[in-house]
Amino acid sequence: VVVPHANVAVLAAQGEPFGVREGTRVLQFASFSFDAAAWEVCTSLLTGAVLVLADERDRAPGEPLAALIAEAGIDVVCLPPTVLSAWPEELPMPEGITVITAGEACPPELVERWSAGRRMINAYGPTETTVCATVSEPLAGAVKPPVGRPLAGTRVRVLDTALRPVPPGVTGELYVSGAGLARGYLGRARLTAERFVADPYGEPGARMYRTGDLVRWLPDGTLDYVGRSDD
């Protein structure tokens, strides 16, 4: 995926919805082979936050990670649901910490467990939109977390196969446009043309990314993830 350097500015503007600001201590958890690492590094350092680095052994799920978060005074951590589900019941997670889930669907039982006494939010976004496109409000209780609303500078549309908007509650495919859009796929012109299509609702020349994700608008104006169009 070809993401221009200018899109780093998009990451720099995403701190506030996630509670990342000057002095916030953010754990760099993701492997550098994943796009989430770019979010952790750029969003933290470009907002004046403190990026806490640790070796792979200290970031191992379970007791090592729990000790690292507590001892390093972490304020914000982004963890996939698989890591949260493997967290032993007897190991504490500091109260007041912001826990961001991303990368895969988070089941309601994990939301119920980890939202109590903490600020837990669900984030969504493919690499093609510079890591993150939408984020939920803080979660509470045993709920299926929505993927939320678009971040600043991002536009989302739920469309049918004819690129027409679908009514609230009706499942359609999610299309994303805005400042964070990538240029396309390196050396793969046909795939780029298939996934990055003309935006009929934008300015002349505007494009939108066809995510392949099926979603629907909820009554409160947030997006609910339904599945994949290719399943």
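Q: In this predicted model, which residue forms a salt bridge with Asp 230?
A: The structure is a predicted model. Asp 230 takes part in a salt bridge whose closest N and O atoms are 3.3 Å apart. This distance meets the criterion because a salt bridge requires a side-chain nitrogen of Lys or Arg within 4 Å of a carboxyl oxygen of Asp or Glu. The partner of Asp 230 is Arg 228.

Q: Is Arg 228 buried, partly exposed or exposed?
A: Asp 230, the salt-bridge partner of Arg 228, counts as exposed at 56% relative accessibility. For Arg 228 the relative accessible area is 26%. Buried means under 20% and exposed over 50%, so Arg 228 is classed as partly exposed.

Q: How many salt bridges does the structure hold?
A: The bridge between Asp 230 and Arg 228 is a salt bridge of this structure. Lys 144, Arg 216 and Asp 224 are linked in a network of such contacts. For the structure, the number of salt bridges is 10.

Q: How far apart are the closest N and O atoms in the salt bridge of Arg 21 with Glu 16?
A: Arg 21 is partly exposed, at 41% relative accessibility. Glu 16 has a relative accessible area of 53% and is exposed. Between these two residues, the closest N and O atoms are separated by 2.9 Å.

Q: Which residue meets Arg 113 in a salt bridge, and how many residues apart are the two?
A: The side chain of Arg 113 meets that of Glu 89, with an N to O distance of 3.9 Å. Arg 113 belongs to helix α5 (residues 108-115), whereas Glu 89 lies in the loop between α4 (81-85) and β4 (98-101). The pair thus links distant parts of the chain, and the partner is Glu 89, 24 residues apart from Arg 113.

Q: What is the relative accessible area of Glu 89?
A: Arg 113, the partner of Glu 89 in the salt bridge, counts as partly exposed at 23% relative accessibility. Glu 89 is exposed, and its relative accessible area is 65%.

Q: How is the aromatic pair of Tyr 185 and Phe 196 arranged: stacked, tilted or edge-to-face?
A: A search of the whole structure finds four aromatic pairs. In the pair of Tyr 185 and Phe 196, the centres are 5.7 Å apart and the angle between the planes is 65°. Because planes over 60 degrees apart count as edge-to-face, the arrangement of Tyr 185 and Phe 196 is edge-to-face.

Q: Which residue forms a tilted aromatic pair with Phe 196?
A: Phe 196 lies in strand β10, and its partner in strand β11 (residues 207-217), so the pair ties together parts that are 13 residues apart in sequence. The rings are 5.1 Å centre to centre, with 40° between the planes. Both residues are buried, and the partner in the tilted pair is Tyr 209.

Q: How many disulfides are counted?
A: A disulfide requires a pair of cysteine sulfur atoms within 2.5 Å. Cys 42 is buried, and the nearest cysteine sulfur, that of Cys 132, is 13 Å away. The sulfur of Cys 78 is 8.2 Å from the closest cysteine sulfur, in Cys 132, which is too far for a bond. The count of disulfides is zero.

Note on methods
Residues numbered from 1 in each chain as written. Predicted model: local features only at pLDDT ≥ 70, side-chain atom pairs only at ≥ 80, totals over all residues. Heavy atoms only, no water. Buried < 20%, exposed > 50% of the residue type's maximum accessible area, 1.4 Å probe, protein only. Helix = DSSP H or I, 4+ residues; strand = E, 2+ residues; numbered from the N terminus. Phe/Tyr/Trp six-rings, centres within 6.5 Å; stacked < 30°, edge-to-face > 60°.
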